[in-house]
Amino acid sequence: MTDLRLIATTFYGLEHVLSEELQILGAKNIRTGNRAVYFEGDLGFMFKANFNLHTALRILRQLKHFRQIYKAAQLYKAIAGINWSQWLLPTQTFRIDVTGQTRYFNNTKFAALKAKDAIVDQFRTIYNLRPDINLKQPDVRIVLHFNDQHLDVLLDSSGEPLHKRGYRTQTNIAPLNEVLAAGIVKLSGWQGKRHLLDPMCGSGTILIEAAMQQMQIPAAINRQKFAFQNWQDYDADLFELIKSTSINKIRELPAHIKLLGYDKAPTAVDKARINIKNANLDEYIEIEQADFFNTKAPDPNTMLLFNPPYDERLAVNIKNFYKQIGDTLKQHYTGTEAWLLTGNLQALKFVGLRPSKRIKMFNGKLESRLVQYLMYEGSIPKTTIY
Ligand SMILES: C[S@@+](CC[C@H](N)C(=O)[O-])C[C@H]1O[C@@H](n2cnc3c(N)ncnc32)[C@H](O)[C@@H]1O
(Lines give C-alpha, C1' and ligand atoms only; values in the text may rest on other atoms or scores of the structure.)
Protein backbone atom coordinates (compact mmCIF):
# COMPACT_ATOMS: atom_id res chain seq x y z
CA MET A 1 0.00 0.00 0.00
CA THR A 2 1.28 3.46 -0.79
CA ASP A 3 1.91 5.90 1.97
CA LEU A 4 -0.50 8.75 2.53
CA ARG A 5 0.34 12.18 3.87
CA LEU A 6 -1.58 12.53 7.09
CA ILE A 7 -2.09 15.20 9.73
CA ALA A 8 -3.27 14.61 13.28
CA THR A 9 -4.72 17.70 14.93
CA THR A 10 -4.65 18.32 18.66
CA PHE A 11 -4.65 20.96 21.42
CA TYR A 12 -1.85 23.48 21.81
CA GLY A 13 0.63 21.92 24.25
CA LEU A 14 -0.03 18.31 23.25
CA GLU A 15 1.92 18.22 19.98
CA HIS A 16 4.89 16.39 21.50
CA VAL A 17 2.90 13.77 23.35
CA LEU A 18 0.93 13.15 20.16
CA SER A 19 4.19 12.76 18.20
CA GLU A 20 5.33 10.19 20.76
CA GLU A 21 2.07 8.30 20.45
CA LEU A 22 2.43 8.28 16.68
CA GLN A 23 6.00 7.06 16.90
CA ILE A 24 5.02 4.16 19.17
CA LEU A 25 2.17 3.30 16.79
CA GLY A 26 4.61 3.17 13.86
CA ALA A 27 4.05 6.39 11.90
CA LYS A 28 6.70 7.47 9.40
CA ASN A 29 8.29 10.89 8.80
CA ILE A 30 6.75 12.50 11.85
CA ARG A 31 6.96 16.29 12.03
CA THR A 32 5.53 18.36 14.85
CA GLY A 33 3.57 21.51 13.95
CA ASN A 34 1.31 23.94 15.74
CA ARG A 35 -1.70 22.05 17.14
CA ALA A 36 -0.89 19.40 14.55
CA VAL A 37 1.51 16.58 13.82
CA TYR A 38 2.37 15.64 10.24
CA PHE A 39 3.16 12.02 9.43
CA GLU A 40 2.94 9.34 6.80
CA GLY A 41 1.45 5.89 6.75
CA ASP A 42 -0.65 3.63 4.55
CA LEU A 43 -4.45 3.34 4.58
CA GLY A 44 -4.32 0.69 7.31
CA PHE A 45 -2.18 2.98 9.42
CA MET A 46 -4.74 5.73 9.00
CA PHE A 47 -7.39 3.34 10.40
CA LYS A 48 -5.03 2.36 13.21
CA ALA A 49 -4.32 5.99 14.11
CA ASN A 50 -8.03 6.82 14.26
CA PHE A 51 -8.77 3.81 16.41
CA ASN A 52 -5.86 4.06 18.82
CA LEU A 53 -4.63 7.60 19.33
CA HIS A 54 -5.54 9.13 22.68
CA THR A 55 -4.29 12.67 22.05
CA ALA A 56 -5.51 13.38 18.49
CA LEU A 57 -8.67 15.30 17.67
CA ARG A 58 -8.83 14.42 13.98
CA ILE A 59 -6.80 12.62 11.34
CA LEU A 60 -6.75 14.43 8.01
CA ARG A 61 -5.60 12.97 4.72
CA GLN A 62 -3.90 15.24 2.24
CA LEU A 63 -5.27 15.02 -1.28
CA LYS A 64 -3.32 17.84 -2.83
CA HIS A 65 -1.08 20.77 -1.98
CA PHE A 66 -1.17 24.01 -4.00
CA ARG A 67 1.50 26.67 -3.65
CA GLN A 68 -0.09 29.69 -5.25
CA ILE A 69 -3.72 30.39 -4.52
CA TYR A 70 -4.32 34.13 -4.48
CA LYS A 71 -7.64 34.49 -6.26
CA ALA A 72 -11.05 32.89 -6.40
CA ALA A 73 -10.46 31.77 -10.00
CA GLN A 74 -7.26 29.99 -8.98
CA LEU A 75 -9.06 28.30 -6.11
CA TYR A 76 -11.86 27.15 -8.43
CA LYS A 77 -9.36 25.78 -10.96
CA ALA A 78 -7.31 23.99 -8.30
CA ILE A 79 -10.36 22.26 -6.83
CA ALA A 80 -11.79 21.48 -10.27
CA GLY A 81 -8.50 19.76 -11.15
CA ILE A 82 -9.03 17.06 -8.49
CA ASN A 83 -10.92 13.98 -9.61
CA TRP A 84 -13.73 14.10 -7.03
CA SER A 85 -15.41 10.92 -8.25
CA GLN A 86 -12.56 9.12 -6.52
CA TRP A 87 -13.65 10.50 -3.16
CA LEU A 88 -17.33 11.16 -3.36
CA LEU A 89 -20.37 9.56 -4.99
CA PRO A 90 -23.02 11.83 -6.52
CA THR A 91 -25.49 10.28 -4.07
CA GLN A 92 -23.37 11.14 -1.03
CA THR A 93 -23.37 14.38 0.95
CA PHE A 94 -20.42 16.57 1.82
CA ARG A 95 -19.36 19.73 3.57
CA ILE A 96 -16.35 21.98 3.24
CA ASP A 97 -14.54 23.62 6.12
CA VAL A 98 -11.92 26.29 5.72
CA THR A 99 -9.14 26.46 8.31
CA GLY A 100 -5.77 28.23 8.68
CA GLN A 101 -4.97 31.76 7.63
CA THR A 102 -4.61 33.62 4.39
CA ARG A 103 -4.38 37.26 3.38
CA TYR A 104 -6.09 36.49 0.10
CA PHE A 105 -9.45 35.19 1.26
CA ASN A 106 -10.73 37.11 4.22
CA ASN A 107 -14.15 35.56 3.81
CA THR A 108 -13.80 31.84 4.49
CA LYS A 109 -17.42 31.22 3.52
CA PHE A 110 -16.67 32.62 0.08
CA ALA A 111 -13.67 30.29 -0.33
CA ALA A 112 -15.82 27.33 0.73
CA LEU A 113 -18.52 28.37 -1.73
CA LYS A 114 -16.06 28.60 -4.65
CA ALA A 115 -14.70 25.16 -3.83
CA LYS A 116 -18.22 23.74 -3.55
CA ASP A 117 -19.08 25.19 -6.99
CA ALA A 118 -16.01 23.54 -8.51
CA ILE A 119 -16.97 20.15 -7.08
CA VAL A 120 -20.66 20.37 -7.95
CA ASP A 121 -19.91 21.57 -11.51
CA GLN A 122 -17.60 18.61 -12.02
CA PHE A 123 -20.31 16.13 -10.96
CA ARG A 124 -22.99 17.84 -13.05
CA THR A 125 -20.79 17.63 -16.14
CA ILE A 126 -20.02 13.95 -15.67
CA TYR A 127 -23.22 12.52 -14.15
CA ASN A 128 -25.78 15.24 -14.59
CA LEU A 129 -26.24 14.76 -10.83
CA ARG A 130 -24.66 16.44 -7.85
CA PRO A 131 -23.84 15.46 -4.28
CA ASP A 132 -25.73 17.54 -1.73
CA ILE A 133 -24.34 19.59 1.09
CA ASN A 134 -25.04 18.32 4.60
CA LEU A 135 -23.60 20.46 7.34
CA LYS A 136 -24.64 18.24 10.25
CA GLN A 137 -23.80 14.73 9.16
CA PRO A 138 -21.95 14.80 5.88
CA ASP A 139 -20.68 11.55 4.39
CA VAL A 140 -17.48 13.27 3.36
CA ARG A 141 -15.89 16.29 5.04
CA ILE A 142 -13.44 18.27 2.95
CA VAL A 143 -11.03 20.66 4.64
CA LEU A 144 -9.30 23.54 2.86
CA HIS A 145 -6.35 24.53 4.98
CA PHE A 146 -4.71 27.82 4.03
CA ASN A 147 -1.25 28.94 5.02
CA ASP A 148 -1.26 32.26 3.20
CA GLN A 149 -1.00 31.42 -0.52
CA HIS A 150 -0.44 27.73 0.22
CA LEU A 151 -3.48 25.52 0.22
CA ASP A 152 -3.86 21.97 1.44
CA VAL A 153 -6.93 20.11 0.28
CA LEU A 154 -7.67 17.48 2.90
CA LEU A 155 -10.25 14.86 3.72
CA ASP A 156 -11.25 14.41 7.34
CA SER A 157 -10.93 10.68 8.03
CA SER A 158 -12.40 10.88 11.52
CA GLY A 159 -15.76 12.63 11.03
CA GLU A 160 -16.94 13.43 14.54
CA PRO A 161 -13.81 14.57 16.40
CA LEU A 162 -11.95 11.77 18.13
CA HIS A 163 -12.58 13.11 21.61
CA LYS A 164 -16.10 11.75 21.14
CA ARG A 165 -15.08 8.37 22.46
CA GLY A 166 -18.58 7.09 23.05
CA TYR A 167 -18.35 6.45 26.81
CA ARG A 168 -19.25 9.90 28.11
CA THR A 169 -23.02 9.98 28.07
CA GLN A 170 -23.11 12.10 31.25
CA THR A 171 -21.44 15.46 31.70
CA ASN A 172 -21.18 17.70 34.67
CA ILE A 173 -20.55 21.44 34.49
CA ALA A 174 -17.32 22.20 32.56
CA PRO A 175 -16.28 18.66 31.66
CA LEU A 176 -12.75 18.36 30.39
CA ASN A 177 -12.30 17.41 26.77
CA GLU A 178 -11.27 13.74 26.63
CA VAL A 179 -8.25 14.46 24.41
CA LEU A 180 -7.05 17.17 26.78
CA ALA A 181 -7.55 14.82 29.72
CA ALA A 182 -5.55 12.11 27.93
CA GLY A 183 -2.86 14.70 27.17
CA ILE A 184 -2.44 15.87 30.77
CA VAL A 185 -2.18 12.25 31.92
CA LYS A 186 0.69 11.81 29.47
CA LEU A 187 2.33 15.11 30.46
CA SER A 188 2.12 14.17 34.15
CA GLY A 189 4.13 11.03 33.40
CA TRP A 190 1.70 8.75 35.28
CA GLN A 191 2.52 5.23 34.25
CA GLY A 192 0.50 3.11 36.59
CA LYS A 193 3.26 2.87 39.19
CA ARG A 194 1.53 5.09 41.76
CA HIS A 195 -2.08 5.41 42.80
CA LEU A 196 -3.97 8.08 40.88
CA LEU A 197 -6.40 10.42 42.58
CA ASP A 198 -8.61 13.00 40.90
CA PRO A 199 -9.97 14.84 43.92
CA MET A 200 -12.46 16.93 41.89
CA CYS A 201 -13.35 14.36 39.26
CA GLY A 202 -16.60 15.79 37.81
CA SER A 203 -17.67 13.34 35.10
CA GLY A 204 -14.58 11.18 35.64
CA THR A 205 -12.79 11.94 32.39
CA ILE A 206 -9.21 12.09 33.70
CA LEU A 207 -9.48 8.76 35.50
CA ILE A 208 -11.12 7.05 32.53
CA GLU A 209 -8.49 8.36 30.12
CA ALA A 210 -5.69 7.39 32.50
CA ALA A 211 -6.98 3.83 32.85
CA MET A 212 -7.49 3.48 29.10
CA GLN A 213 -3.96 4.64 28.38
CA GLN A 214 -2.36 2.45 30.98
CA MET A 215 -4.30 -0.61 29.87
CA GLN A 216 -3.54 0.19 26.22
CA ILE A 217 -7.24 0.33 25.44
CA PRO A 218 -7.72 1.91 22.02
CA ALA A 219 -9.18 5.39 22.56
CA ALA A 220 -12.01 4.77 20.09
CA ILE A 221 -12.95 1.29 21.28
CA ASN A 222 -16.47 2.46 22.20
CA ARG A 223 -17.01 4.51 19.06
CA GLN A 224 -19.35 3.39 16.32
CA LYS A 225 -18.38 5.43 13.30
CA PHE A 226 -15.48 7.04 11.43
CA ALA A 227 -15.73 9.12 8.25
CA PHE A 228 -13.27 6.89 6.39
CA GLN A 229 -15.96 4.17 6.44
CA ASN A 230 -17.85 6.27 3.85
CA TRP A 231 -14.90 6.48 1.53
CA GLN A 232 -14.61 4.52 -1.63
CA ASP A 233 -11.25 3.01 -0.69
CA TYR A 234 -12.55 1.84 2.70
CA ASP A 235 -11.46 -1.72 3.39
CA ALA A 236 -13.77 -3.21 6.03
CA ASP A 237 -11.76 -6.45 6.44
CA LEU A 238 -8.56 -4.52 6.99
CA PHE A 239 -10.24 -2.30 9.58
CA GLU A 240 -11.61 -5.35 11.43
CA LEU A 241 -8.14 -6.86 11.48
CA ILE A 242 -6.63 -3.63 12.79
CA LYS A 243 -9.27 -3.38 15.49
CA SER A 244 -8.78 -6.93 16.71
CA THR A 245 -4.98 -6.63 16.67
CA SER A 246 -5.22 -3.44 18.73
CA ILE A 247 -7.72 -4.96 21.15
CA ASN A 248 -5.42 -7.95 21.68
CA LYS A 249 -2.82 -5.61 23.12
CA ILE A 250 -5.02 -4.56 26.05
CA ARG A 251 -3.35 -5.39 29.36
CA GLU A 252 -4.37 -5.39 33.01
CA LEU A 253 -3.58 -2.62 35.46
CA PRO A 254 -1.21 -3.70 38.23
CA ALA A 255 -3.55 -5.11 40.92
CA HIS A 256 -2.17 -2.97 43.76
CA ILE A 257 -2.66 0.35 41.89
CA LYS A 258 -5.83 2.29 42.67
CA LEU A 259 -7.62 4.90 40.61
CA LEU A 260 -9.80 7.00 42.84
CA GLY A 261 -12.05 10.00 42.27
CA TYR A 262 -13.73 12.41 44.68
CA ASP A 263 -16.34 15.00 44.01
CA LYS A 264 -18.35 16.90 46.55
CA ALA A 265 -21.43 17.05 44.30
CA PRO A 266 -23.58 13.90 44.49
CA THR A 267 -24.76 14.47 40.89
CA ALA A 268 -21.16 14.46 39.66
CA VAL A 269 -20.48 11.24 41.55
CA ASP A 270 -23.46 9.54 39.87
CA LYS A 271 -22.44 10.79 36.45
CA ALA A 272 -18.82 9.74 36.85
CA ARG A 273 -19.94 6.25 37.86
CA ILE A 274 -22.18 5.94 34.79
CA ASN A 275 -19.41 7.07 32.43
CA ILE A 276 -16.96 4.68 34.05
CA LYS A 277 -19.42 1.84 33.59
CA ASN A 278 -19.95 2.84 29.96
CA ALA A 279 -16.20 2.58 29.46
CA ASN A 280 -16.23 -0.87 31.15
CA LEU A 281 -13.81 0.39 33.75
CA ASP A 282 -15.91 0.06 36.91
CA GLU A 283 -13.67 -2.76 38.07
CA TYR A 284 -10.70 -0.38 38.09
CA ILE A 285 -11.95 3.07 39.13
CA GLU A 286 -13.63 3.99 42.38
CA ILE A 287 -15.58 7.19 42.97
CA GLU A 288 -16.49 8.57 46.38
CA GLN A 289 -18.48 11.58 47.38
CA ALA A 290 -16.07 13.74 49.34
CA ASP A 291 -15.00 17.32 49.82
CA PHE A 292 -11.31 17.33 48.92
CA PHE A 293 -10.64 19.89 51.64
CA ASN A 294 -11.70 17.36 54.29
CA THR A 295 -9.61 14.48 52.97
CA LYS A 296 -6.14 13.09 53.63
CA ALA A 297 -3.79 11.27 51.26
CA PRO A 298 -4.91 7.64 51.22
CA ASP A 299 -1.26 6.66 50.59
CA PRO A 300 1.79 8.89 49.98
CA ASN A 301 2.55 6.85 46.87
CA THR A 302 -0.18 8.80 45.08
CA MET A 303 -0.29 11.20 42.19
CA LEU A 304 -3.09 13.74 42.15
CA LEU A 305 -4.25 15.03 38.79
CA PHE A 306 -7.21 17.36 38.52
CA ASN A 307 -8.75 20.40 37.00
CA PRO A 308 -10.35 22.46 39.72
CA PRO A 309 -13.11 24.93 39.02
CA TYR A 310 -11.57 27.99 37.42
CA ASP A 311 -14.35 30.54 37.40
CA GLU A 312 -17.10 31.85 39.58
CA ARG A 313 -19.61 29.47 38.01
CA LEU A 314 -18.07 26.58 39.89
CA ALA A 315 -16.41 28.03 42.97
CA VAL A 316 -17.81 30.76 45.14
CA ASN A 317 -14.56 32.50 45.86
CA ILE A 318 -11.57 31.71 43.67
CA LYS A 319 -9.04 33.17 46.09
CA ASN A 320 -10.20 31.11 49.07
CA PHE A 321 -10.76 28.05 46.94
CA TYR A 322 -7.22 27.93 45.50
CA LYS A 323 -5.77 28.76 48.93
CA GLN A 324 -7.66 25.77 50.34
CA ILE A 325 -6.20 23.58 47.59
CA GLY A 326 -2.70 24.63 48.66
CA ASP A 327 -3.45 24.21 52.37
CA THR A 328 -4.96 20.76 51.87
CA LEU A 329 -1.98 19.60 49.82
CA LYS A 330 0.48 21.00 52.37
CA GLN A 331 -1.24 19.69 55.45
CA HIS A 332 -2.71 16.39 54.34
CA TYR A 333 -0.94 15.21 51.22
CA THR A 334 2.71 15.07 52.24
CA GLY A 335 4.78 12.80 50.03
CA THR A 336 2.44 12.98 47.04
CA GLU A 337 2.89 14.61 43.65
CA ALA A 338 0.04 16.87 42.55
CA TRP A 339 -0.76 18.21 39.09
CA LEU A 340 -3.49 20.63 38.33
CA LEU A 341 -4.77 22.21 35.15
CA THR A 342 -6.45 25.56 35.36
CA GLY A 343 -7.60 28.26 33.01
CA ASN A 344 -7.38 30.83 35.78
CA LEU A 345 -3.73 31.94 35.78
CA GLN A 346 -4.33 34.49 38.52
CA ALA A 347 -5.83 31.89 40.82
CA LEU A 348 -2.61 29.87 40.86
CA LYS A 349 -0.82 32.39 43.02
CA PHE A 350 -3.32 31.76 45.83
CA VAL A 351 -2.23 28.11 46.06
CA GLY A 352 0.84 29.37 47.89
CA LEU A 353 3.16 26.60 46.74
CA ARG A 354 6.05 26.82 44.32
CA PRO A 355 5.32 24.69 41.25
CA SER A 356 8.16 22.46 40.09
CA LYS A 357 6.82 22.51 36.55
CA ARG A 358 4.51 24.82 34.62
CA ILE A 359 3.30 23.86 31.17
CA LYS A 360 1.46 26.30 28.93
CA MET A 361 -1.62 24.85 27.29
CA PHE A 362 -4.82 25.97 25.65
CA ASN A 363 -8.18 24.53 26.62
CA GLY A 364 -9.98 25.62 23.45
CA LYS A 365 -9.42 29.36 23.44
CA LEU A 366 -8.66 29.53 27.14
CA GLU A 367 -4.98 29.85 27.95
CA SER A 368 -4.26 27.42 30.75
CA ARG A 369 -1.44 26.05 32.87
CA LEU A 370 -0.69 22.52 33.91
CA VAL A 371 1.37 22.82 37.10
CA GLN A 372 3.16 20.27 39.22
CA TYR A 373 3.62 20.52 43.00
CA LEU A 374 5.91 18.05 44.72
CA MET A 375 4.58 17.69 48.24
CA TYR A 376 7.74 16.30 49.69
CA GLU A 377 8.31 16.53 53.40
CA GLY A 378 9.58 19.99 54.24
CA SER A 379 8.73 21.57 50.85
CA ILE A 380 8.65 25.32 51.35
CA PRO A 381 5.40 27.06 50.61
CA LYS A 382 6.10 30.00 48.42
CA THR A 383 3.97 32.51 46.61
CA THR A 384 4.98 32.65 42.98
CA ILE A 385 4.18 35.54 40.69
CA TYR A 386 2.75 34.57 37.31
C1 LIG B 1 -13.96 21.67 36.36
S2 LIG B 1 -14.87 20.42 37.13
C3 LIG B 1 -13.92 18.96 36.81
C4 LIG B 1 -14.26 18.40 35.48
C5 LIG B 1 -13.78 16.98 35.28
N6 LIG B 1 -12.37 16.91 35.07
C7 LIG B 1 -14.54 16.38 34.11
O8 LIG B 1 -13.93 16.02 33.13
O9 LIG B 1 -15.77 16.31 34.17
C10 LIG B 1 -14.56 20.66 38.81
C11 LIG B 1 -15.30 19.71 39.75
O12 LIG B 1 -14.85 19.98 41.08
C13 LIG B 1 -15.92 19.69 41.96
N14 LIG B 1 -15.60 20.32 43.24
C15 LIG B 1 -15.67 21.64 43.56
N16 LIG B 1 -15.25 21.83 44.83
C17 LIG B 1 -14.90 20.63 45.31
C18 LIG B 1 -14.38 20.16 46.55
N19 LIG B 1 -14.14 21.01 47.54
N20 LIG B 1 -14.12 18.86 46.70
C21 LIG B 1 -14.39 17.98 45.70
N22 LIG B 1 -14.90 18.35 44.51
C23 LIG B 1 -15.14 19.65 44.31
C24 LIG B 1 -17.14 20.22 41.23
O25 LIG B 1 -18.31 19.60 41.73
C26 LIG B 1 -16.81 19.86 39.77
O27 LIG B 1 -17.39 18.63 39.45
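Tutor: Domain bounds come from an automatic or database domain assignment. The model here is predicted. Its chain is assigned domain 1 (4-156) and domain 2 (178-217 + 251-374), and the centres of the two, taken over C-alpha atoms, are 35 Å apart.

Student: How many residues does each domain bring to the contact?

Tutor: Domain 1 brings ten residues and domain 2 brings 13.

Student: Which residues is Leu305 in contact with, leaving aside its neighbours within four places in sequence?

Tutor: Leu305 is in contact with Ile184, Val185, Ser188, Trp190, Leu196, Asp198, Ile206 and Trp339.

Student: What makes strand S8 (residues 150-156) largely enclosed?

Tutor: A buried residue has 20 or more other C-beta atoms within 10 Å of its own. Five of the seven residues of S8 are buried, so the rest of the structure largely encloses this strand.

Student: How do you know that S4 and S7 pair with S8?

Tutor: Pairing needs at least two bridges. Strand S4 (residues 58-66) has six bridges to S8 and runs antiparallel to it; in that pair, Phe66 stands opposite Leu151. Strand S7 (residues 140-147) is also antiparallel to S8, over six bridges, and there Phe146 has Leu151 as its bridge partner. Strand S5 (residues 93-101) is joined to S7 by eight bridges, and these two run parallel. Asp97 stands opposite Val143 in S7.

Student: Why are S2 and S6 said to stand at the edges?

Tutor: The open sheet has eight strands with mixed pairing, in the order S2-S3-S1-S4-S8-S7-S5-S6. Strand S2 (28-32) and S6 each have a single partner strand, so one side of each is left without a neighbour in the sheet.

Student: What makes Asp148 exposed?

Tutor: Asp148 has 12, so it counts as exposed. Asp148 is in the loop between S7 and S8, a hairpin with two residues between the strands. Its phi is near 55°, a positive value in a residue other than glycine.

Student: Where does Asn128 lie, and what makes it exposed?

Tutor: Asn128 is in the loop between helix H4 (108-127) and strand S6 (132-133). It has 8 other C-beta atoms within 10 Å, so by the cut-off of 12 or fewer Asn128 is exposed. Asn128 is not a glycine, yet its phi is positive, about 60°.

Student: Which residues come nearest to the ligand?

Tutor: Of the 23 residues around the ligand, Leu176, Met200, Gly202, Ser203 and Thr205 come nearest. Helix H6 (205-214) and strand S10 (259-263) are the elements that give two or more residues to this shell. By class, the shell has 15 nonpolar, five polar and three charged residues.

Methods: Residues numbered from 1 in each chain as written. Predicted model: local features only at pLDDT ≥ 70, side-chain atom pairs only at ≥ 80, totals over all residues. Contact = placed C-beta atoms within 7 Å. Near = placed C-beta within 6 Å. Helix = DSSP H or I, 4+ residues; strand = E, 2+ residues; numbered from the N terminus. Nonpolar A, V, L, I, M, F, W, Y, C, P; charged D, E, K, R; others polar.
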